[in-house]
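Here is a briefing for a reader who is meeting this structure for the first time. It begins with the terms and then turns to the fold and the contacts between chains.

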Amino acid sequence: MKVVYFAWVRERIGKAEENVDPPPAVRTVADLIGWLTQRGEQYAHAFETPRVIRAAIDHAHVKPETAIAGAREIAFFPPMTGG
Amino acid sequence: MSVPVTIRLQDADFDTAQEIAALTKGRTDIGAVVTFSGICRGGEGGDAIAALTLEHYPGMAEAEIGRHAEEALSRWPLTGLTIIHRYGRIAPGENIVLVVTASSHRQAAFQAAEFLMDYLKTHAPFWKREESAAGTNWVDATSHDDAAAARWTKS
């Protein structure tokens, strides 16, 4: 699946998007954050405070407990500051 | 007749008067138009800002604003709606966002405009980065904005 990052999450990880293939045990958005965190220091830094991280699946906001099965694109980003 | 809805994301500036005219031209059913303009401030608490850069999530930003527009149309008897949000580098004094709501009477237009702005600020995927003499930093979200959006949630 494709994972995309925005704002300081993107800067900390050092890339805007990537394709990942997590194992089946990674079921939810929160699981995916935990799994990504293991990938290196940049990820650990980006996700150091999971409760502030917002997520979207296929362009719609989702909660940490949402299942990721079937997702084409999962996005992680900080709280939004538009308007 | 379906309600005309215009949603645009663009890096170019917009002309508020022109957007109102486009929405109301040839119409005799509109009794009220409310506009909200969000403008880049030149400073925050005494610290001067050189510019803001707005990052957005292409695709989701349009989808999310579209969902807010649908909800506004379902909650208030609107007769027209225009939402424009800019992205990219924006200097102090320049426009960032425009919401134009039209209705037969003012109350629906006022309330829908306020609802849309509260939701845009907290749910539309845009992020502001400030440039100042001290460098650049991402603007923090405020709990005040979350509270403003939460009051529209039906219990």
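Two strands are said to pair if DSSP finds at least two bridges between them, and strands (E, at least two residues) and helices (H or I, at least four) are DSSP runs numbered from the N terminus. This is a predicted model, in which local features need pLDDT of at least 70 and side-chain atom pairs count only at pLDDT 80 or more, while totals for chains, interfaces and linings use all residues. Residues are numbered from 1 along each chain as its sequence is written, and chains are lettered from A and ligands numbered from 1 in the order in which they are written.

**Sheet of chain A**
- In chain A, 5 strands make up an open sheet with mixed pairing, in the order β2-β1-β5-β3-β4.
- The edges are taken by β2 (17-19) and β4 (60-62) of chain A, each with a single partner strand, so one side of each has no neighbour in the sheet.
- Strand β1 (residues 2-5) of chain A runs antiparallel to β2(A) and is joined to it by 3 bridges, and V3(A) has E18(A) as its bridge partner in β2(A).

**Overall fold**
- Chain A contains 3 helices and 5 strands, which follow the pattern β-α-β-α-α-β-β-β along the sequence.
- The C-alpha atoms of chain A fill a box of roughly 35 × 30 × 20 Å along the principal axes.

**Contact with chain B**
- Counting residues as in contact if their C-beta atoms, placed from the backbone, lie within 7 Å, 14 residues of chain A touch 22 residues of chain B.
- On the side of chain A that touches chain B, α1 (7-13) and β5 (73-77) of chain A each supply at least two residues.

Terms used
Two residues are in contact if their C-beta atoms, placed from the backbone, lie within 7 Å.
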